[in-house]
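Subject: Structure for your review

Dear colleague,

Please find below the structure that I am handing over to you.

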Amino acid sequence: SGQFAGKSAVVTGGGSGIGKAVAVGLAAEGANVVVNDLKLEVAQSVVDEITAAGGTAVAIAGDVGNPDDVKAAVDKAVEEYGALHLAFNNAGIGGPQGLAEDIDIEGYRQLMDVNLHSVFYGLHFQLPQIVAAGGGAVVNTSSILGVTGDANALPYVAAKHGVAGMTKAAALSYAEKGVRINSVHPGYIDTPLLSGLPKDLYDGLVSKHPIGRLGQAEEVAELVLFLLSDKASYITGSQHLVDGGYTAQ
Ligand code: NAD
């Protein structure tokens, strides 16, 4: 039972943070979930948590910067659960920081592979399967930095704006095929992605959010689950902020 009963989903970067919260939330509402992460044991620990709670999920290791690995997660959903209806293209990393002239070219390329090209690979392999299943929905994780700039994070800003653009272009071409595609734009969320930050930088980030704290992964997951659900039946091609007021300033 649950609003996703009978649906199957792929979640990339599902081993931690926002992806984990969405994988757990989908399974709690009845979806069969393929949990991708770089390391099998990280994905498997989320699958174990889902299974212990009575849900259905399977782990797969893969690098979303590699198209073969993105395809493998889609194939896994079809093999295990017979079809694919939902996808959350979410895996991402923080990027090289600094002036354009100081950013290492290889670091730039790697960031674009993981944070942008991965979303194209996801759409490329997921959409035909979702259409074949009779329709469904995709959510891609962008960021507030897919809406605004940041002087020190040029590659990340570029990738996250690209995610928003791909989302719109794909949404237009799949709207009549029964697939809704949206992007979510979180403010700074208290996940392991930020765990390395020194306290003064962390406090500086908090002060940029009118709500006065960082967000929780579950607060982003609520929005993603809504967008993946039939309740969002008239929502496609749009950008959805969940940022504690960050971009209202
Ligand atoms: P996280 O580090 O907690 O989780 C990301 C997961 O993705 C990790 O388990 C990691 O192992 C996995 N991953 C990293 N590279 C991968 C790859 N190449 N292939 C497969 N898996 C990979 O981070 P999070 O905060 O949950 O971030 C999830 C997404 O949200 C990212 O796209 C990030 O850019 C975005 N985001 C995060 C924040 C934030 O403040 N935390 C804000 C806005 C957007």
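Predicted model: local features only at pLDDT ≥ 70, side-chain atom pairs only at ≥ 80, totals over all residues.

The surroundings of the ligand

In these terms, two elements, α1 (17-28) and β2 (32-37), each supply at least two residues of the shell around the ligand. The greatest contribution comes from α1, which gives three residues. In total, 29 residues surround the ligand, and the closest are Gly13, Ser16, Gly17, Gly92 and Thr191. Sorted by class, the shell holds 14 nonpolar, 13 polar and two charged residues.

The sheet

In general, strands of a sheet pair through backbone hydrogen bonds, in either a parallel or an antiparallel manner. In this model, seven strands form an open sheet with parallel pairing, in the order β3-β2-β1-β4-β5-β6-β7. Its edge strands are β3 (56-61) and β7, each of which pairs on one side only. On average, neighbouring strands of the sheet are turned by 20° against each other, direction ignored.

Several of these pairings can be followed residue by residue. Strand β4 (residues 86-89) runs parallel to β5 and is joined to it by four bridges; leucine 86 stands opposite alanine 137 in β5. Strand β5 (residues 136-141) in turn pairs with β6 in the parallel sense over six bridges, and valine 138 has isoleucine 181 in β6 as its bridge partner. Between these two strands, the chain passes through helix α5 (residues 154-174), and this β-α-β crossover is right-handed. On to strand β7 (residues 239-242), β6 has four bridges, and the two run parallel; here valine 184 has histidine 240 in β7 as its bridge partner.

Why is strand β6 described as largely enclosed by the rest of the structure? The reason is that eight of the eight residues of β6 (residues 179-186) are buried. Val179, Ile181, Ser183 and His185 point one way from β6, whereas Arg180, Asn182, Val184 and Pro186 point the other way, and all are buried.

Helix α5 lies across β5, β6 and β7 and runs at about 165° to β6. Helix α2 (residues 40-52) lies across β2 and β3, running at about 175° to β3.

Yours sincerely,
A colleague

Key
Residues numbered from 1 in each chain as written. Near = placed C-beta within 6 Å. Nonpolar A, V, L, I, M, F, W, Y, C, P; charged D, E, K, R; others polar. Buried ≥ 20, exposed ≤ 12 C-beta atoms within 10 Å, placed from the backbone. Pairing = 2+ DSSP bridges. Right-handed = clockwise from strand over helix to strand, strands pointing away. Axes fitted to C-alpha atoms, helices over the stretch in contact; angles between N-to-C directions. Contact = placed C-beta atoms within 7 Å.
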